[in-house]
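Take a look at the model below. Then follow the text from helix to loop.

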Amino acid sequence: MSGEAGNPHTGLEIGRTLRLAREKRGLSLQQVEEATKIRTRYLRDLENENFDVLPAVYMLGSLKTYAEHLGYVEEYNQWCSENEGRCG
């Protein structure tokens, strides 16, 4: 999946990708919270790509856990490779 032209920082909008995947599976944020132990408010922030609400290490760990839960590890890895400054 490729991102929209409006985001100059990444070709893949990981938050939007994960939100669409969650919705496609018919999962609520509450269901994902129960499965991943990531609070709903942080899941919403991840989906909206508000990555500054958490320290980077927690944001990356939560994002990876969320991607793994939805089966989107490749997309997460692609996002990391496009955003080396964020993923280390």
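**Helices and loops**

Helix H5 spans residues 73–82, and in it Tyr 76, Trp 79 and Cys 80 are buried. Buried means under 20% relative accessible area, exposed means over 50%, and partly exposed lies in between (1.4 Å probe, protein chains only). The three cover an arc of only 100° around the axis, so they sit on the same side of H5. That arc is taken from the directions from the helix axis to the C-beta atoms. Helices (H or I, at least four residues) are DSSP runs, numbered from the N terminus.

This is a predicted model: local features need pLDDT of at least 70, side-chain atom pairs count only at pLDDT 80 or more, and totals for chains, interfaces and linings use all residues. Residues are numbered from 1 along each chain as its sequence is written, and side-chain values use heavy atoms, with hydrogens and water left out.

Now turn to helix H3, residues 40–47, which contains Thr 40. Thr 40 counts as buried because its relative accessibility is 15%. Which residues does Thr 40 touch, not counting those up to four places away in sequence? They are Leu 29, Gln 30 and Glu 33. Contact here means heavy atoms within 4.5 Å.

Next come two loops. Lys 37 lies in the loop between helix H2 (29–36) and H3. Lys 37 is not a glycine, yet its phi is positive, about 70°. With a relative accessible area of 68%, Lys 37 is exposed.

Glu 49 belongs to the loop between H3 and helix H4 (56–70). Glu 49 is not a glycine either, and has a positive phi of about 55°. Its relative accessibility is 22%, so Glu 49 counts as partly exposed.
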